[in-house]
Structure formats: C-alpha cells, structure tokens
Amino acid sequence: MKLLLDSTSSLLFSLLLAQLPVFSYGTVLPYRRQSDLDKLSNQTRNLMKLTQELLKEHAFDSDVESHRFRSLPEMSNRSASDLSNLELKPTLSQLHADLKLYEHHFEWLNRVSKKHQHPAVPKLVEMIKEMKSLINLLHRQMQKIEAPKLTNPTPSLPPHLPYHFDVLQSSHELLQHFKLFCDWAYRAFLSLKPKASAVQ
C-alpha cells in the first residue's frame, strides 16, 4: 500500500512539473496603460473610420463641386515629410483649432441635413459626438503641457440650403476634406508621442 501511495505521489509530482511551462506561458502580462497620445491617435482613427463609412453610403454618391468652403483648414501645405519635424505644443494647438473649425462646419451640416430629412443624420450625429470627445481630450493634453489655445474666426455659413443636392455636395466636400485631416492628424499624434513622453 505504501509503495502504491509513493508511486501515485511521484506520478502527480511529475504531472505538475510537466504543466509548469503551460502555466508560465499562460501568465497574463501586466496591462500597459495607454498614453494620452495613444488615446488621441485611436480616437482620430475612429473618426476617420466613421468618415469613410459616411462617404461609402449611396446617399453621398455624386460629383463634388470643389471649394464650396473657403473657411476649412488648409491641408495642401501639410505633407508626410513634415511629420518628423513637428513641435509638440504648436502642433497640438493647431490641431485643436482645426478640429473646432470642423466641429462648427459639421454642426451646420447636421442642421441643414435635418431640414432635408437626410438618411445619414444619425451617423453624422455620432461623428460630431466623437469629434467633441477628441477635442476635449486634446484640450486636456494641451493643459498638461501648457500649450496655448488658438482661436479661429467663426466662419459665416448659409442658414439653410435650398436643395437636397446642395446638401449632398456640401457633405461630400466636408467629408473628403475631413478624411484628409484625420489621416494627417493620426500620423501627427503618432509622431509626437516620443516628444510628449519626454515632457511628462
């Protein structure tokens, strides 16, 4: 009987030893806390996805008349080659000011779209909500590093658009422009991440 118990104990001990590598590999690594720049880049990517979804919808399938909006942020002077030379504070301040300008334009688009009972209004509302969340997160980051807050003059936009086609045209131009902005802003936040870590 004693021999049987010893054999059983030895077998159990061997089985436990065999399982040790499994336990080791299955160990959950500690959760790595997201940095503020990670959060900003992720939210920007979510906004870009929403923008692309709106552009893919059939409701926005029409030719775009360019330059309907003169008050949008200038994107032609921003290139991928500039990303490595970006400075933290001025870039965050400029992106915040740009986002506030887009917020004004998209809130206007939401109002005129509702009057024409546009089918994309719910997704547009979701997009504006995400934009506001990104603006608030960016503002908190600016306060942490004492980046100045820039203000743009409020653009004058028509109180309504007479035709449904005008809404489609305006939607196209705003969304296309904002998609370019989100793509650049996403890359900018990733490029600024090491600089933000250095000052915090």
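## Helix packing and aromatic contacts

Helix 3 (residues 88-115) packs against helix 4 (residues 121-145) at an angle of about 160°, and their axes are 9 Å apart. Bear in mind that this is a predicted model. With angles over 145 degrees counting as roughly antiparallel, helix 3 and helix 4 are therefore roughly antiparallel to each other. Their crossing is left-handed, and the contact between them is made of 18 nonpolar, 6 polar and 6 charged residues.

Now for another pair. Helix 2 (residues 36-56) and helix 5 (residues 164-199) have axes that come within 9 Å and cross at roughly 165°, so helix 2 and helix 5 are also roughly antiparallel to each other. Helix 2 passes helix 5 in a left-handed crossing too.

Here's who sits in each contact, by residue class:

On to the rings. The whole structure holds 5 aromatic pairs. In one of them, phenylalanine 106 and phenylalanine 178 have ring centres 5.3 Å apart and planes at 70°, so the pair is edge-to-face. Phenylalanine 106 belongs to helix 3 and phenylalanine 178 to helix 5, so this pair ties together parts that are 72 residues apart in sequence. Phenylalanine 106 counts as buried, at 0% relative accessibility, and phenylalanine 178 counts as buried at 0% as well. Both belong to one aromatic cluster, made up of Tyr102, Phe106, Phe178 and Phe181.

There's a charge over a ring as well: the charged end of arginine 78 sits over the ring of tryptophan 184, 5.4 Å from its centre.

Key
Residues are numbered from 1 along each chain as its sequence is written. This is a predicted model: local features need pLDDT of at least 70, side-chain atom pairs count only at pLDDT 80 or more; totals for chains, interfaces and linings use all residues. Side-chain values use heavy atoms; hydrogens and water are left out. Axes are lines fitted to C-alpha atoms, for helices over the stretch in contact, and angles run from 0 to 180 degrees between N-to-C directions. Helices (H or I, at least four residues) and strands (E, at least two) are DSSP runs, numbered from the N terminus. Angles under 35 degrees count as roughly parallel, over 145 as roughly antiparallel, 65 to 115 as roughly perpendicular and the rest as oblique. A crossing is left-handed if the near helix is turned anticlockwise from the far one by less than a right angle, and right-handed if clockwise. Ala, Val, Leu, Ile, Met, Phe, Trp, Tyr, Cys and Pro count as nonpolar, Asp, Glu, Lys and Arg as charged, and the others, Gly among them, as polar. Rings of Phe, Tyr and Trp (its six-membered ring) pair if their centres lie within 6.5 Å; planes under 30 degrees apart count as stacked, over 60 as edge-to-face and the rest as tilted. Buried means under 20% relative accessible area, exposed over 50%, partly exposed in between (1.4 Å probe, protein chains only). A charge sits over a ring if NZ of Lys or CZ of Arg is within 6 Å of the ring centre and within 35 degrees of the ring normal.
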